[in-house]
Amino acid sequence: MDEGFRQDLLNAKTPEEFLSKIDKKKAEKDAEEASEAAEPVVTGYKVLADTACPTGIAHTFMSAENLTKAGEKLGVPLKAETNGSEGVGNALTAEEIAACDGIIVAADKNVEMARFDGKPVLTVPVTEGIRHPEELINKIENGEASIYHASADAKEASASGESTGRNFYKHLMNGVSHMLPFVVAVL
């Protein structure tokens with residue numbers, strides 16, 4: 001026991017004063033523990049990610065988790081937005097987008113891209129976020145991502161190396177994901 005605190009207790013003149021000193025010490029200790037336990041506040045993310053798959057269940061969240069863990073491992077603050085079956089989770093804000101070094105879009109379905117206008121964007125299949133997250137983060141950090149221009153959407157898709165077949169697949173799977181609840185309801 002802290003000797004100063006012990007002396008305060010011994011010098012208490014009434015039971016109420018004694019209990020008051022104990023309460024005060026407990027409040028100080030609780031506040032100290034709370035400040036130690038608090039997670040560090042991230043003031044800005046260097047890399048952002050937007051993950052999505054047609055069904056929005058497994059791959060979306062696995063990709064987001066692997067990218068986030070890789071960011072922690074590399075010492076690069078990363079925030080991952082998920083476009084899952086329940087909608088958008090952990091949404092990227094305009095301020096975060098404006099302040100980041102670049103964005104990784106790991107998606108097999110269409111995501112809101114116009115908000116990334118003028119930022120370095122790396123567009124890859126969702127499985128790349130699962131299999132090679134560190135490589136993707138390093139590409140952003142090394143300036144290997146091209147600047148996205150919202151007005152040139154079709155050019156961006158072809159420049160990212162996506163074939164017509166890949167684009168067809170994305171649109172087909174996006175439609176399947178919207179029909180899945182109806183198919184399940186009928187069965």
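On a 1 Å grid over the protein atoms alone, a pocket is an open set of points where a 1.4 Å probe fits, with protein on both sides within 12 Å along at least five of seven lines. The second largest pocket of this predicted model has a volume of about 210 Å³, a volume being the space filled by probe spheres set on the points. The protein chain has eight helices and six strands, taken from DSSP runs (helices H or I, at least four residues; strands E, at least two) and numbered from the N terminus.

**Basis of the values**
- Local features need pLDDT of at least 70 and side-chain atom pairs count only at pLDDT 80 or more, while totals for chains, interfaces and linings use all residues.
- Residues are numbered from 1 along each chain as its sequence is written, and side-chain values use heavy atoms, with hydrogens and water left out.

**Overall architecture**
- From the N terminus on, the order of elements is α-α-β-α-β-β-α-β-β-α-α-β-α-α.
- Of the 187 residues, 32% count as buried (under 20% relative accessible area, 1.4 Å probe, protein chains only).
- Among contacts (heavy atoms within 4.5 Å) between residues at least 6 apart in sequence, 61% join residues at least 24 apart.

- Beyond four places away in sequence, Val47 touches Val76, Pro77, Leu78, Lys79, Gly102, Ile104, Ile137, Ile140 and Glu141.

**Strand β5 and its partners**
- Four of the five residues of β5 are buried, so β5 is largely enclosed by the rest of the structure.
- β4 and β5 run parallel and are joined by four bridges; Ala106 has Val124 in β5 as its bridge partner.
- β5 and β6 (residues 146-147) run antiparallel and are joined by two bridges, with Val121 opposite Ser146 in β6.
- Pairing of two strands requires that DSSP finds at least two bridges between them.

**Second largest pocket**
- Its lining (residues with an atom within 4 Å of a point) consists of 13 residues, of which Tyr45, Thr68, Glu72, Leu78 and Lys79 lie nearest the pocket centre.
- α3 and β2 each supply at least two lining residues.
- By class, seven lining residues are nonpolar, four polar and two charged; Ala, Val, Leu, Ile, Met, Phe, Trp, Tyr, Cys and Pro count as nonpolar, Asp, Glu, Lys and Arg as charged, and the others as polar.

Terms used:
Buried < 20%, exposed > 50% of the residue type's maximum accessible area, 1.4 Å probe, protein only.
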